[in-house]
Amino acid sequence: MRFELPGLLSCFFLASGANAFAKVDFVHEVVPILKQHCIECHGGEKAKGKFSMNSRALMLDAEAAVPGKSEESLLIELITSDDSDEQMPPSKKPRLSESEIQSIRQWIDQGMDWPDEITFSDDRYEPPLKPRKPELPPSTTGTGNPIDRIVEAYFNGKAVTSRESINDSEFLRRLSLDLIGLPPSPEELLTFLLDQSGERRERIVSKLLNRKQAYAEHWMTFWNDLLRNTYSGTGFIDDGRRQITGWLYQSLLDNKPFDQFTRELIAPTPGSEGFIRGIKWRGNVNASQSRELQFSQNISQVFLGIN
């Protein structure tokens, strides 16, 4: 439904409305809408009605949209039409939601930003991961630790009362379990509690990290799971998988820099290549069982947190 705002209210809305919305992110807001509702018929090799949406240039050539003027754009007219003969998507397919239409409107009004390298042609486009750098909230307690500031802001916003800092006994127990997987011995606890220096916590952290063998053995359990190093099920055949236990243990024992650790998994050394080799399956396999897919999937899950 369209309606007009009278008098000064209409002028105010027209003058300020465009600025009331943040800039539309083409990659993460517009692309998913086009892929869901439009590209099946107007992308790749398909161009129903001789209308292709493979690029910004093709949309402009077809006069489907006028940058900066959504009210004059054919695309908006089609996706908002109630006429079953002209509406897009066709009447048998789901229509765009009001929020999706609003996003397309804003995108056109803001100039139709569309990077040249993005296309819906045969080499189908997949949106890249958008780097996310959180803005740290100000601290009300003077802490400079980024995690503390984020947690503090969350607690303040949710009216959560933070607990008092843990005592030295709890601190040592948690630290020891995290770093070497074992609770402190009674002698270690007593020595720590008798230390009255202001740097006792920093010193005990360094001391536990220097227990290299205990640290490596404990953290082997986590990395074995992440890197599927303990896998022994169906498909672990025909030299299709090699364990990297020796390389992994030595890397943890030597405290290998994380960037080097990562590079040796992706561009492997003889000791680490078992990870990239994936699993070689017998017989006919589907795409998800190919070595390349399994390796890239595991890389994405371990280092990017996505499937």
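Predicted model: local features only at pLDDT ≥ 70, side-chain atom pairs only at ≥ 80, totals over all residues.
## Exercises on charges, patches and cysteines

Arg 200 is partly exposed, at 21% relative accessible area.

Residues are numbered from 1 along each chain as its sequence is written, and side-chain values use heavy atoms, with hydrogens and water left out.

### Exercise 1

Find the salt-bridge partner of Arg 200, and say where both residues lie.

**Solution.** 
- Step 1. Apply the rule: a salt bridge is a side-chain nitrogen of Lys or Arg within 4 Å of a carboxyl oxygen of Asp or Glu. The count by this rule is six salt bridges.
- Step 2. Take Arg 200. Its partner is Asp 168, with the closest N and O atoms 3.0 Å apart.
- Step 3. Arg 200 is in helix 10 (residues 200–209) and Asp 168 is in helix 8 (residues 168–180). They are 32 residues apart, and the pair links distant parts of the chain. Helices here are DSSP runs (H or I, at least four residues), numbered from the N terminus.
- Step 4. Check the cover. Asp 168 counts as buried, at 16% relative accessibility.

### Exercise 2

Which side chain meets Arg 201 in a salt bridge? Work out what the pair ties together.

**Solution.** 
- Step 1. The partner is Asp 168, at 3.0 Å from N to O.
- Step 2. Arg 201 lies in helix 10 and Asp 168 in helix 8, so the pair ties together parts 33 residues apart in sequence.
- Step 3. Arg 201 has a relative accessible area of 28%, so this residue is partly exposed.

### Exercise 3

**Solution.** 
- Step 1. Glu 188 is in helix 9 (residues 186–194). Arg 211 is in the loop between helix 10 and helix 11 (212–226). The two are 23 residues apart.
- Step 2. Both count as partly exposed: Glu 188 at 29%, Arg 211 at 31%.
- Step 3. Now look for shared partners.

### Exercise 4

Name the members of the negative and nonpolar surface patches.

**Solution.** 
- Step 1. State the rule. Patch residues have over 30% relative accessible area and no salt bridge; like charges are joined within 9 Å, nonpolar side chains (Val, Leu, Ile, Met, Phe, Trp, Tyr) within 5 Å.
- Step 2. Glu 77, Asp 82, Asp 83, Asp 85 and Glu 86 form a negative patch. Asp 82 sits in the loop between helix 5 (74–80) and helix 6 (98–109). This residue is exposed, at 75%.
- Step 3. Leu 136, Ile 147, Ile 150 and Val 151 make a nonpolar patch of about 320 Å². Ile 147 is in helix 7 (residues 146–157) and is exposed, at 56%.

### Exercise 5

How many disulfides does the structure hold?

**Solution.** 
- Step 1. A disulfide is a pair of cysteine sulfur atoms within 2.5 Å.
- Step 2. The structure holds zero.
- Step 3. Cys 38 is buried, at 12%. Cys 41 is buried too, at 12%.

Notes
Buried < 20%, exposed > 50% of the residue type's maximum accessible area, 1.4 Å probe, protein only. Areas by Shrake-Rupley, 256 points an atom, 1.4 Å probe, with all protein chains shown as cover. Lys, Arg positive; Asp, Glu negative; His and termini not counted. Charge placed at Lys NZ, Arg CZ, Asp CG, Glu CD.
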